[in-house]
Amino acid sequence: IERWHGDAFQETDAVMEIGRIEDPWWVVVAPDCPLVAVGSDKGVVKVFDWERRALWRKFNAAEGCAYPVRFLARGKILMLGYGTNRGWNSLHEWDLTTEQETRSWPVPLTHHGGVSPDEQWLLVFGSQNSGTSLINLVTGQVRHPNLNLPSPDTFSFSPDGKHIAAPNQLGFARIWDATTFREIATLSGFM
């Protein structure tokens, strides 16, 4: 793992060596603590503490691919997607202190999952128009809002959590109200 810096991000400093990772592999960095999770197509998940420069947790999460999606609760919880090299079709919550799965949900086949800034909601956009799932991470309830966005590339909640924005492969982006899912704007002509 390297830290990039300098005027044009041309300089690097080695943060830690994590060894050879099974191919293919997926990585997620915790936004609020010094953790990095690496998943593999063998279902193995490794969690590194880059401040201590050490492996913190290693566990077998799935039979197929394990995609780290997001750390929650300051690194105590890790959301993982299980699936194949084409994407994940179920979402699993792991308690990293006990190394146990605590909850799971079926979701549309995807590579795109995002968490609201307050960590209350997890939104999944399905690949190839396979639908949308919105999971309340407090209650575990699932909704399926129709956001009418073909071929989404990715998406993000606004920093205040009030809006969701998503571009797509057709050259436009949409913005929705994150509470009502009412479309606020469609942006085009820049992609």
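## A tour from the surface inward

Select Ile1, Trp25, Val27, Val29 and Trp50: together they make a nonpolar surface patch of about 440 Å². Keep in mind throughout that this is a predicted model. Stay on Ile1 for a moment. Ile1 sits in the segment before strand 1. Its relative accessibility is 32%, so Ile1 counts as partly exposed.

**Stop 1**

Move along to strand 1, residues 2-5, and show strand 2, residues 11-14, with it. The two run antiparallel and are joined by 4 bridges. Pick Trp4 and look across to strand 2: Thr12 stands opposite. Strand 1 and strand 2 form a hairpin, with 5 residues between them. Click on Gly6 in that turn, where phi is positive, at about 100°.

**Stop 1: the largest nonpolar core**

Next, go inside. In soluble globular proteins, nonpolar side chains tend to be buried together. Select Val45, Val47, Phe59, Ala61, Phe71, Leu78 and Leu80. The largest nonpolar core has 17 residues, and these seven touch the most other members. Colour four strands to see where the core draws from: strand 4 (35-40), strand 5 (44-49), strand 7 (65-72) and strand 8 (77-84) each supply at least two of its residues. Strand 8 gives the most, with 3 residues.

Centre the view on Phe59. Which residues does Phe59 contact, leaving aside neighbours within four places in sequence? Show Gly43, Val44, Val45, Leu80, Trp94, Leu96 and Glu99 to see them.

There is also a second, separate core, of 15 residues. To find this core, select Tyr67, Leu91, Val107 and Leu122, which are among its members.

**Stop 2: salt bridges**

Switch to charged side chains. How many salt bridges does a search of the whole structure find? The search finds 7. Visit two of them here; another comes at the last stop.

Start with Asp41 and Lys42. Their salt bridge has its closest N and O atoms 3.4 Å apart. Asp41 has 18% relative accessibility and counts as buried. Lys42, at 52%, counts as exposed.

Then select Arg52 and Asp49. Their side chains meet in a salt bridge, 3.0 Å from N to O. Asp49 is buried, with a relative accessible area of 7%.

**Stop 3: two loops with positive phi**

Select Arg74, in the loop between strand 7 and strand 8. Check its backbone: phi is positive, about 55°, although Arg74 is not a glycine. With a relative accessible area of 56%, Arg74 is exposed, because the cut-off for exposed is over 50%.

Now jump to Glu119, in the loop between strand 11 (112-115) and strand 12 (121-125). Glu119 is not a glycine, yet its phi is positive too, at about 60°. Glu119 has 23% relative accessibility and counts as partly exposed.

Stay in this loop and pick Pro117, which also lies between strand 11 and strand 12. Pro117 is partly exposed, with a relative accessible area of 42%. What does Pro117 touch, not counting residues up to four places away in sequence? Show Phe157, Ser158, Pro159, Asp160 and Gly161 to find out. For a distance check, draw a line from Pro117 to Gly75. The two are 42 residues apart in sequence and 15 Å apart in space, C-alpha to C-alpha.

**Stop 5**

The order is 15-16-17-18, and the pairing is antiparallel. Look at the two edges. Strand 15 (156-157) and strand 18 (183-188) each have a single partner strand, so one side of each is left without a neighbour in the sheet.

Zoom in on strand 17, residues 172-177, beside strand 18. These two pair in the antiparallel sense over 5 bridges. Select Ile175. Which residue in strand 18 is the bridge partner of Ile175? Ala185 is that partner.

Last, show Arg174 and Glu183. They form a salt bridge, with the closest N and O atoms 3.5 Å apart. Arg174 counts as buried, at 13% relative accessibility. Glu183 is partly exposed, with a relative accessible area of 35%.

Key:
Residues are numbered from 1 along each chain as its sequence is written. This is a predicted model: local features need pLDDT of at least 70, side-chain atom pairs count only at pLDDT 80 or more; totals for chains, interfaces and linings use all residues. Side-chain values use heavy atoms; hydrogens and water are left out. Two strands pair if DSSP finds at least two bridges between them. A nonpolar core is a set of buried Ala, Val, Leu, Ile, Met, Phe, Trp, Tyr and Cys residues joined through side-chain atoms within 4.5 Å. Buried means under 20% relative accessible area, exposed over 50%, partly exposed in between (1.4 Å probe, protein chains only). Contact means heavy atoms within 4.5 Å. Patches are made of residues with over 30% relative accessible area and no salt bridge: like charges are joined within 9 Å, nonpolar side chains (Val, Leu, Ile, Met, Phe, Trp, Tyr) within 5 Å. Accessible areas come from the Shrake-Rupley method with a 1.4 Å probe; for residues, only the protein chains shown count as cover. A salt bridge is a side-chain nitrogen of Lys or Arg within 4 Å of a carboxyl oxygen of Asp or Glu.
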